[in-house]
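Please read them with the structure open.

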Amino acid sequence: MSDREGPSGSGGADDDLSLPKATVHKLIGDLLPPDTTCSKETRDLIIECCVEFIHLVSSEANDICEKESKKTISPEHIVSALKVLGFESYIEEVQEVLKDHKQQQRDREKKVSKFEQSGLTEEELAAQQEALFAQARARAAGGAPPG
């Protein structure tokens with residue numbers, strides 16, 4: 001059963017869904033000219049519109065996913081949903097963001113952990129850690145105020 005099936009209107013589980021107000025406020029502030037303000041009511045409306053847009057696109061992507069007998073929505077399903085819903089003008093930017101995201105993931109995977117960089121075994125690192133703890137305990141015991 002897709003998300004679109006069932007009763008619509010208020011009272012559903014979607015009533016609790018929202019976006020962080022501080023984040024939306026910052027995004028709006030970054031996009032508007034410095035001398036322009038946005039009322040709380042307007043910010044709340046923008047949040048509601050964003051949540052509705054996310055719901056619309058994800059529901060359509062889910063329908064596409066189900067038609068393909070897939071269980072996981074992929075970026076390609078999102079792009080297809082945008083086409084079906086008439087948001088073709090967003091597709092180029094979405095694909096650019098996806099490309100950037102994939103590159104960030106590859107870069108993150110390439111980063112070597114401090115453990116791997118050390119060239120030491122877990123046992124050697126644990127011994128170093130224990131020695132540091134012993135030094136700290138000795139400093140604390142020697143520098144403790146008389147009581």
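1. I54 is a residue of helix α2, which covers residues 40-67. Helices (H or I, at least four residues) and strands (E, at least two) are DSSP runs, numbered from the N terminus. With a relative accessible area of 48%, I54 is partly exposed. Here buried stands for under 20% relative accessible area, exposed for over 50%, and partly exposed for what lies in between (1.4 Å probe, protein chains only).

2. A word on the source: this is a predicted model, in which local features need pLDDT of at least 70 and side-chain atom pairs count only at pLDDT 80 or more, while totals for chains, interfaces and linings use all residues. Residues are numbered from 1 along each chain as its sequence is written, and side-chain values use heavy atoms, with hydrogens and water left out.

3. The protein has 147 residues, and 14% of them count as buried.

4. I54 also belongs to a surface patch. Together with F53 and Y90 it makes a nonpolar patch of about 280 Å². Patches take residues with over 30% relative accessible area and no salt bridge; like charges are joined within 9 Å, and nonpolar side chains (Val, Leu, Ile, Met, Phe, Trp, Tyr) within 5 Å. The accessible areas come from the Shrake-Rupley method with a 1.4 Å probe, and for residues only the protein chains shown count as cover.

5. A patch of negative charge on the surface is formed by E92, E93, E96 and D100. In the count of charges, Lys and Arg are positive and Asp and Glu negative, with His and the chain ends not counted; a charge is placed at NZ of Lys, CZ of Arg, CG of Asp or CD of Glu. D100 sits in helix α4, residues 88-110, and is partly exposed at 40% relative accessibility.

6. Which residues are linked in a network of salt bridges? They are K21, K40 and D44. A salt bridge here is a side-chain nitrogen of Lys or Arg within 4 Å of a carboxyl oxygen of Asp or Glu. D44 and K21 meet at 3.7 Å, N to O. Because D44 lies in helix α2 and K21 in helix α1, this pair ties together parts that are 23 residues apart in sequence. In the pair of K40 and D44, the closest N and O atoms are 2.8 Å apart. These two residues are four apart in helix α2, and so about one helical turn separates them. D44 has 21% relative accessibility and counts as partly exposed.

7. The whole structure has four salt bridges. One of them joins R137 and E130, with the closest N and O atoms 3.1 Å apart. E130 is partly exposed, at a relative accessible area of 44%.

8. How many disulfides does the structure hold? The number is zero, where a disulfide would be a pair of cysteine sulfur atoms within 2.5 Å. For C49, the nearest cysteine sulfur is that of C50, 7.0 Å away. C49 is partly exposed at 47% relative accessibility, whereas C65 is buried, with a relative accessible area of 1%.

9. Helix α3 spans residues 75-84, and H77, V79, A81 and L82 are buried in it. L56 is in helix α2 and is partly exposed, with a relative accessible area of 31%.

10. Two backbone angles deserve a look. After α3 comes G86, with a positive phi near 85°. S69, in the loop between α2 and α3, has a phi near 55°, which is positive although the residue is not glycine. Most residues other than glycine have a negative phi. S69 is exposed, with a relative accessible area of 64%.

11. S18 and V51 are 33 residues apart in sequence, and their C-alpha atoms are 6.3 Å apart in space. S18 is partly exposed, with a relative accessible area of 46%.
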